[in-house]
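Hi,

Here is the structure I promised to pass on.

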Amino acid sequence: MEHIRTPKVEQVRLLDRFSNKSASGTLHLTATHLIFVESNADAAQEIWILHHHIGSVEKLSLTTSGCPLVIQCRNFRVVHFVVQRERDCHDIYSSLLRLLRPVSYEELYAFSYNPKQNEQQREEGWQLIDLGAEFERMGVPCDQWQLTDVNRNYKICETYPRDLYVPITASKPIIVGSSKFRSKGRFPVLTYFYQEKKAAVCRCSQPLSGFSARCLEDESMLQAISKANHNSRFVYVMDTRPKLNAMANRAAGKGYENEDNYSNIRFQFVGIENIHVMRTSLQKLLEVVGTRSLSVNDYLLGLESSGWLRHVKAVLDAAIFLTKAVTVEGASVLVHCSDGWDRTAQVCSLGALLMDPYYRTINGFMVLIEKDWISFGHKFADRCDQLDGDPKEVSPVFTQFLECVWQLTEQFPQAFEFNEWLLLQIHEHVHSCQYGNFLANNQRQREELQLKDRTHSLWAFLLSEGQNYLNPAFCHTYAETHPVLEPSTLPCHLKFWRNMYHQFDRSMHPRQSVLKNVLTLKESNRQLEDTIMKLEAVTLSPSHPLSLALLKEAQHQEEVGEEAKKCCSDTERTVEGSSGSERKESYGDLQGTYGAKVEPAVVSLEFGVARMTC
Amino acid sequence: MEFAELIKTPRVDGVVLRRPFLPTVEGTLCLTGHHLILSSRQDNTEELWLLHANIDAIEKRFVGSLGTIIVKCKDLRVIQLDIPGMEECLNIASSIEVLSTLDSVSLMYPLFYRPMFQVIEDGWKSFLPEDAFKDLESMTEEWRLSDVNKDYSVCSSYPPLVAVPKDVDDDTLRKAAAFRHGGRFPVLSYYHKKNGMVMMRSGQPLTGTNGRRCKEDEKLINATLRAGKRGYIIDTRTVSVAQQAKARGGGFESEANYPQWRRIHKAIERSSILQESLIKLVEACNDQSHSMDRWLSKLEASNWQTHVKEILTTACLAAQCIDREGASVLVHGTEGTDSTLQVTSLAQIILDPACRTIQGFQALVEREWLQAGHPFQQRCSQSAYSNSKPRCEAPVFLLFLDCVWQILRQFPCSFQFSQHFLVLLFEHTYASQFGTFMGNSASERSVRELHPESHTLCLVMDIHCLQKVFIHLDLFHILSCYSLNSTWIKYILFLTHQHTIPHNDITIPHNDITIPHNDITIPHNDITIPHNDITIPHNDITIPHNDITIPHNDITIPHHDITVPHNDITVPHNDITIPHNDITIPHNDITIPHNDITNQIKSNQILFVTYTWLADVNASVAKCLCF
């Protein structure tokens, strides 16, 4: 609180990004949020911006109407305030500058966030996902793969989790030797086991091969992986980097596997660009789409020059290559990039998503993120800029993964149990630092911070409102007929994800949403069923006239209910602000605010739902 | 001329058909007078029946004695035929080339086609101007139906009956027609029930360089204005193009002579440019390089979406003038048969919910395109693959369909039909067994009706066939997942009471939602209309007049002998977007009197949501596109 100089500023104007509209209201600055409350009493809109979401604050030069303050958020919200008095503006500006740069983990919202749960509920939240059980589901340990305890104390590799699965034939010395030959000690371990063909997807970091170095233990490690799969004589080694980058790394004593040294490997570059290229690419994209009065041609040219969709396509192509190798050829695959925590995580998790219908369910998707991203040490803290760190380490790698998943949901509308909203919500909370799941860079740091004792789990929160994330088109039998997805990456099938990058720009979204209608229908259907039950009960009773009266009453109730529903369908269903369960009512519980207001003649649809369908 | 003379090799065995995303078929290729047929002559395999009229271009290739013909169709399909034998291949290719370019109207397939289904009603009489006028009469008395054009002498591209202001006599119309391009004097296109404002369309005024004027023309359009009100003239050309038109005898309405009208110029391109744009777009869609950058730059270079956006903007503007400004509007371009019709028909879709039903949309196409004299035969004689130099070809109607699709994407719940309906219309404009889109105007079609074979022309796509297929299938699927219908039926049956039906016995199958494939018949774009706060006025959707059909075999209701009494049906209100009616429940187990249910529902205004929201199609920018 000591950083907040002015907690409240009145008569602030909020400018719309893409039109000349504006709203005036009051700006509140709290320890965790920046809140804008519109003063218009009828449709008082509230915007809650978590400090952790703020990527940058900019104070523009003074104009006649006041002092403009532009805030760009990591969830792609851009707000443009005009504060009347320059002093107020400066106070807010400097407070924010301090607040959005937390220096220690203890300052993060997760440590103060308290969603009115008791201790037991909180602990249960953390127990929802059990990776040991997940490996068991895949059929590991088995006669070829076992759990190893070499990393029990994070001695071999501190960015890996404690529990690792390796081939049975890989002895401890081989593991230790191999890890010394791999960047950051990230030696080859199992991440997904394709039971049907006994083929394994393994991951690691680049070898420290330089121009000529070799390591016998590493070679026998790959040999062991190859041997563990009787279906194929060789193992694919996928280097997800462009060849040029990999070769440049050799000068620094790193590099890639030499096919001559390893028996039975097939080596393959797949050419996904590095984190710096991705960062600039997304920045360019946002710049282009943030332009006012953009013409169609400028938009298309901008989309092309940003290269973002090209990168998305490259990631998807790599995942498809992996999937084909495993499911069609039945070969095991070893995936790595430089350190094996960015591109490797993308490719392994997308590959698993294509191969295994379980990961296309809500629970399965959480498990997938927990396994390939959280536990294998994707550096969330650095990539999402949780603490004031090196800006060169920041990169939208995880966002890109979510986008790839979204592209798949667009191509296979029936295959996924969850809808777009889940992806958006996860993205929101990766940056919100409200839950402990994504804090810090690896499991070891998380244990040191005692996150499981001091914070809440996002997964519990998401599951508690699981009905919001259900995809109505999901078909349970689809997984049986299409266990493996074969997406198309023809350029015309990759779309700009409006609902992510324009999440908060209302005017950008379609005005009607099929999904919203379906959700409403589902609810009314449920009520109808209830009525039927009631009526059934009534007819069983002997007094017939009474039952008729009740029937009329029930009908009347229905009518009232229906009208109310029309109103309620206009209530907000947004995931705005990340304040989560504190403002749970903003999720527009279908039951809420019946009859609160008459249906407005012109309905501008809330993006919360609108964005889910397009 | 006999077709047989043109067909040198009527039959070849062992031909292999390759199509993208579909299994290859090996079989016998046959050429008939109108079709290219490939059949494997086995059960359960699909046969290819391709109208020669649908073939836009062919390419031949030879590898040894194996010939390959690549057939590029007007509906943008590309198929490949591998034909063993050099001679056969050359014969087939030359026959196709001749047969696909026959000009003679008397040889066209619609004159030979005999339908396999039962024709329920005479499609030529489904959407008569007289009927449309009856609706108008019920709303206003300011208009009359004039038969000044009954022998097509005043305007060859207008239908015999047109709606004009009541106070204007036929002589005035004749004089005004002489002042308008192609004799297309201003006629009523749309009457806005809400405020009595109208939209009219015409050809450009023939002012010429010396600024000719025509009192009758001024009188005619001023007759549509209320006292003290101003109207808008929307010229679909830019100011400079309109200026240039003066040199060729055309021009635009000057402020001095039309003081009560404000003129607005928009920039919808001329047809030759649109054709070029389509060719580039299709080329981009067929690009084999799989490169993201190439796709985007080619898409950009095609300018297709720019055209779509411009047309939508203009239509929104017209709609806004009528609904928000409460002003009457006159729309014209040069001839008044292309961009004018795009704007007037789209504005009606924006303003009038009835146009968003299947029947209403067909009526709109009939009224605003066929009757209004869009030269379909000229515009659609070639498509994007043709090598010959385009003469009058242009994807004007396709652009209109694309615009409708864009609106449909933004208001998915306000349309009774799905995109499949639009694709079907597109296909039939280029090649069809039906005579609907033959000819260039009502007069040409009526002349042909005198032809001995003309009775076959009297077939329009059977509405009832269409409805089964094109009712918003995607949405329907989703709803059926929630066994919406089951509950409804249960509920209806319960209220009418007597029997309850076990809860889980009604099963509705899951239809596959179509997954996008490289289906270039639909442009993969999602344009949203530009930035300048143009809004589409809201409107109550009226109850669609059509019948929903629940597929016959999908519902199995046990319990025999359930009879629903006629009059007791009450259905609660609900927010349902799928227009219902005529619930057909199979077999003899249940008899619900069809009409009764429908009537009941209509009269109680039940079952349907009034979608009061065709709210702001405000102004998102180009970037809302997805492809």
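In chain B, 7 strands make an open sheet in the order β4-β3-β2-β1-β7-β6-β5, with antiparallel pairing. (Strands here are DSSP runs of E, at least two residues, and helices are runs of H or I, at least four, numbered from the N terminus; two strands pair if DSSP finds at least two bridges between them.) The edges are β4 (48–51) and β5 (55–63) of chain B, each pairing on one side only. From one strand to the next the twist averages 30°. At the β4 end, strand β3 (residues 35–39) of chain B is joined to β4(B) by 4 bridges, and B:H35 has B:L51 as its bridge partner. Helix α2 (residues 86–100) of chain B lies across β1, β2, β3, β5, β6 and β7 of chain B, at about 165° to β5(B). Angles run from 0 to 180 degrees between N-to-C directions, with axes fitted to C-alpha atoms, for helices over the stretch in contact (heavy atoms within 4.5 Å).

Before you go further: this is a predicted model, where local features need pLDDT of at least 70 and side-chain atom pairs pLDDT 80 or more, while totals for chains, interfaces and linings use all residues. Residues are numbered from 1 along each chain, chains are lettered from A and ligands numbered from 1 as written, and side-chain values use heavy atoms, without hydrogens and water.

β6(A) pairs antiparallel with strand β5 (residues 54–59) of chain A over 5 bridges, and with strand β7 (residues 78–83) of chain A over 6 bridges. A:V70 stands opposite A:E58 and also opposite A:H80 in β7(A). β6(A) and β7(A) form a hairpin with 4 residues between them, and A:F76 in the turn has a positive phi of about 70°.

Leaving aside neighbours within four places in sequence, the contacts of A:W459 include A:L128, A:I369 and A:F438.

Cheers
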